Amino acid sequence: MSKDWQAVADAINTRMEQLGLSQKELSERSKVSPATLRLMQQGANASRSATTLAAVSTALGWKADHLGDVAAGRPASGDDAEQDLREEVQALRGEVAELRAGLEGLTAKVARLSKS
């Protein structure tokens, strides 16, 4: 059975845009080379191993079998828009917490410097 690599490309590109991920960041998260990711993002008609698909799926916040399901034309696990939104909100909360901690550190530093 042939695989739908363009559907995989579309899924990857859409998800990267949703998450604000660059190709470099996805490569680092997934441990998949930028060259392989580039081919996947272009929908190149080249078979990808289940391991590669799982690594990219996981790095994009999906279940490991998500892109394998997309490639096979099966309903993908995690296609639920509400779940995607929950995951995005969770990621944003983490970023806000990091920003808040950084701001608190800067505020404390300014306070110490102004006392000197």
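Analyst: Before we start, one term: two residues are in contact when they have heavy atoms within 4.5 Å of each other. Also keep in mind that this is a predicted model.

User: OK, let me try that on Ile12. Which residues is Ile12 in contact with, leaving aside its neighbours within four places in sequence?

Analyst: Ile12 lies in helix α1. Skipping those sequence neighbours, Ile12 touches Leu26, Met40, Gln41, Val56, Leu60 and Leu67.

User: And is Ile12 buried or exposed?

Analyst: The general idea is a cut-off: buried means under 20% relative accessible area. Ile12 has 0% relative accessibility, so Ile12 counts as buried.

User: How do I read the way two helices pack, say α1 and α3? What is the angle, and how far apart are their axes?

Analyst: You look at the angle between the two axes, and 65 to 115 degrees counts as roughly perpendicular. For α1 and α3 the angle is about 110°, with 6 Å between the axes. That is why we call this pair roughly perpendicular. On the α1 side, the contact is made by Trp5, Gln6, Val8, Ala9, Ile12, Asn13 and Met16, and on the α3 side by Met40, Gln41 and Gln42. By class, that gives 6 nonpolar, 4 polar and no charged residues.

User: What about α3 and α4: at what angle do they pack?

Analyst: At about 85°, with their axes 12 Å apart. So α3 and α4 are roughly perpendicular to each other too. Here Thr36, Leu37 and Met40 of α3 meet Thr52, Leu53 and Val56 of α4.

User: Now charges. How many salt bridges does a search of the whole structure find?

Analyst: The thing to look for is a side-chain nitrogen of Lys or Arg within 4 Å of a carboxyl oxygen of Asp or Glu. The search turns up 2 salt bridges. One of them joins the side chains of Arg15 and Glu87, with N to O at 2.6 Å. This pair ties together distant parts of the chain, since Arg15 is in α1 and Glu87 is in α6 (residues 81–115), 72 residues apart. Arg15 is buried at 2% relative accessibility, while Glu87 is partly exposed at 22%.

User: And which residue does Asp69 form a salt bridge with?

Analyst: Arg74, with the closest N and O atoms 2.9 Å apart. Asp69 has a relative accessible area of 9%, so Asp69 is buried. Arg74, at 47%, is partly exposed.

Terms used. Residues numbered from 1 in each chain as written. Predicted model: local features only at pLDDT ≥ 70, side-chain atom pairs only at ≥ 80, totals over all residues. Heavy atoms only, no water. Axes fitted to C-alpha atoms, helices over the stretch in contact; angles between N-to-C directions. Helix = DSSP H or I, 4+ residues; strand = E, 2+ residues; numbered from the N terminus. Parallel < 35°, antiparallel > 145°, perpendicular 65-115°, else oblique. Nonpolar A, V, L, I, M, F, W, Y, C, P; charged D, E, K, R; others polar. Buried < 20%, exposed > 50% of the residue type's maximum accessible area, 1.4 Å probe, protein only.
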